Amino acid sequence: MRRRNLLAGLAATLTAGCTRIGQSETFGTLVDAAEGLHRRAHRAMGGPAPLAREYPRSAISPFFRGNGSIDVATDAYRAHQASGFADWRLAVGGMVERPMQLSLADLTALPQRTQITRHDCVEGWSAIGEWTGPQLGPILERAGVRPEARYILFRCADLLGGAPYYESCDLADAFHPQTIIAHRLNGDPLPVQNGAPLRLRLERQLGYKHAKYLAGIEAVASLEGIGGGKGGYWEDRGYQWYAGI
Amino acid sequence: MRRRHALSTRLWHWINALSLVVLFMSGLNISNAHPRLYWGDKGFTPAEAWAEIPRFPHWLTIPDHYSLAAARDWHVLFAWVFALSLLLFMVAALRNRHFARDLVTRAREWRPAAIGADIRAHLRLRFDHGGGKYNFLQKLSYGVVLFILLPLMILTGMAMSPGVDAAWGWLGAALGGRQSARSLHFIAAWGLVGFSVGHVVLVLLSGPWGQVRAMITGGRTDEAA
């Protein structure tokens, strides 16, 4: 028993030490460098725009979990829900030539892409679902992204733990053919727990990048000064901005 | 004078030991985020799971409290240290003929009688190497670790990454899907724990000071092992 206590004590000293190192600035710099290395390695491995794996219908998960926010507890959202989101608008703005307000009817009138893909949560589980919606690339082309813009920002209607949810990606991911604004899951209108009426699908990255309850898209030059400045709700809480790993 | 352990072997041994400890303990923190394992590509519900994993206590995890974000930082940073040092060691071990000289087994070593004799010698705590540097069981366990378990950790880790999966979909498919890769990652990690325990126990039983000193300074070839 004493030996076990000794082992536990050794392990605890190690974990406490690592916790302190983990909070240091040097460690943060190393972690950021590793994140950049992953992103560049992934892009180098697959060529310019590899597609995330797509599955047959038979692979679809019987139940697609809603994680994080699974509802938006505001009167405005309840009213949208009651009217079938007929008045919901997706604002496209920021550093674009032609800002737009798109309704669900506008979005469904665009050419649609349907893809059966795997959703990988950072926690470790995976679910497969069929998503339908217009590609983000052509919407951004119509809006005319200005050359100084480097990121696309996604604003959401939900609060998680009292803070607004948001996300961002680089232009390579925004213009990727599988990056769509989904309004259907498995052929039905997007359920509330999965982000009704609109959610981003950013295949090739983890689940927290796929912003739900999508209300606005902005082209920006920098992520500083937005939310906590790290490019997303979970990024502000320590998670990697490049979530391809 | 030729050293018992080449400099590349010694450097890699200690870098690898540190990497494995950090990867294992941060991995336990990551496991706590969703302690269920599945086969195939998908899985979330208990009904789909083949294993429910107990939650690991915080004195055993990096960092020393539940933090998936910080644990992932440690894990994917040391994944580079682990994978690149293994690659460099393997190149060095091919060039200095460490693999060819010390790890390759001969047909006669695989005879049941010879294996039985080796097992009996181990049980009597007699670690005779029969002229070579390593005995058969040593070669076998080092071979399984170097060429199966360690590469499997890297490949299954890569297959879990959605970015790698988009670029190299064949890898995840070859491993049976993303959740199978995750399960194999978990199993192989405990396989490495099993090896490490055996490794340390055998070092303790076979003259720990000389063994550890040789792995630090290189030792001398004529030293008894």
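User: Start with His122(B). Where is it placed, and what makes it buried?

Analyst: This is a predicted model. In it, His122(B) sits in helix 4 of chain B. Its relative accessible area is 15%. Buried means under 20%, so His122(B) counts as buried.

User: Which residues is His122(B) in contact with, leaving aside its neighbours within four places in sequence?

Analyst: They are Phe127(B), Asn135(B), Leu137(B) and Leu202(B). Contact means heavy atoms within 4.5 Å.

User: Why is Leu23(B) called buried?

Analyst: Leu23(B) has 10% relative accessibility. The cut-off for buried is under 20%, so Leu23(B) falls in that class. Leu23(B) belongs to helix 1 of chain B, residues 7-33. Beyond neighbours within four places in sequence, Leu23(B) is in contact with His75(B), Phe78(B), Ala79(B) and Phe82(B).

User: How far is the C-alpha atom of Leu23(B) from that of Gly172(B)?

Analyst: The two C-alpha atoms are separated by 21 Å. Along the chain, Leu23(B) and Gly172(B) are 149 residues apart.

User: What is the phi of Leu125(B), and why is Leu125(B) called partly exposed?

Analyst: Phi is near 60°, a positive value in a residue other than glycine. Leu125(B) lies in the loop between helix 4 (112-123) and helix 5 (136-160) of chain B. Its relative accessibility is 47%. Buried is under 20% and exposed is over 50%, with partly exposed in between. Leu125(B) therefore counts as partly exposed.

User: What about Arg204(A): buried or exposed?

Analyst: Buried, because its relative accessible area is 11% and the limit is under 20%. Arg204(A) also has a positive phi, about 80°, although it is not a glycine. Its place is the loop between strand 10 and strand 11 of chain A.

User: Why are helix 2 of chain A and helix 2 of chain B called roughly perpendicular?

Analyst: They pack at an angle of about 65°, with their axes 9 Å apart. The roughly perpendicular class covers 65 to 115 degrees. The two helices are therefore roughly perpendicular to each other. Helix 2 of chain A passes helix 2 of chain B in a left-handed crossing.

User: Which residues make that contact, and how many are nonpolar, polar or charged?

Analyst: From helix 2 of chain A come Phe27(A), Leu30(A), Val31(A), Ala34(A), Leu37(A), His38(A) and Ala41(A). Helix 2 of chain B brings Asp73(B), Trp74(B), Val76(B), Leu77(B) and Trp80(B). By class there are 10 nonpolar, one polar and one charged residues.

User: What makes strand 3 and strand 9 of chain A edge strands?

Analyst: The open sheet here has four strands in the order 3-4-8-9, with antiparallel pairing. Strand 3 (112-120) and strand 9 each have a single partner strand, so one side of each is left without a neighbour in the sheet.

User: How do you know that strand 4 pairs with strand 8 of chain A?

Analyst: Pairing needs at least two bridges. Two bridges join strand 4 (residues 126-134) to strand 8 (residues 184-185) of chain A, and these strands run antiparallel. Trp131(A) stands opposite Leu185(A) in strand 8.

User: What is the strand order of the five-stranded open sheet of chain A, and which strands are at its edges?

Analyst: The order is 2-1-11-5-6, with mixed pairing. The edge strands are strand 2 (100-102) and strand 6 (163-170), since each pairs on one side only. Neighbouring strands of this sheet are turned by 20° against each other on average, direction ignored.

User: How many bridges join strand 1 to strand 11 of chain A?

Analyst: Four, and the two strands run parallel. At least two are needed for a pair. Gly93(A) has Glu218(A) of strand 11 as its bridge partner.

User: Which strands does helix 5 of chain A lie across?

Analyst: Helix 5 (residues 136-143) lies across strand 1, strand 2, strand 5 (151-160) and strand 11 of chain A. Helix 5 runs at about 145° to strand 2.

Terms used. Residues are numbered from 1 along each chain as its sequence is written. Chains are lettered from A and ligands numbered from 1 in the order in which they are written. This is a predicted model: local features need pLDDT of at least 70, side-chain atom pairs count only at pLDDT 80 or more; totals for chains, interfaces and linings use all residues. Side-chain values use heavy atoms; hydrogens and water are left out. Axes are lines fitted to C-alpha atoms, for helices over the stretch in contact, and angles run from 0 to 180 degrees between N-to-C directions. Buried means under 20% relative accessible area, exposed over 50%, partly exposed in between (1.4 Å probe, protein chains only). Angles under 35 degrees count as roughly parallel, over 145 as roughly antiparallel, 65 to 115 as roughly perpendicular and the rest as oblique. A crossing is left-handed if the near helix is turned anticlockwise from the far one by less than a right angle, and right-handed if clockwise. Ala, Val, Leu, Ile, Met, Phe, Trp, Tyr, Cys and Pro count as nonpolar, Asp, Glu, Lys and Arg as charged, and the others, Gly among them, as polar.
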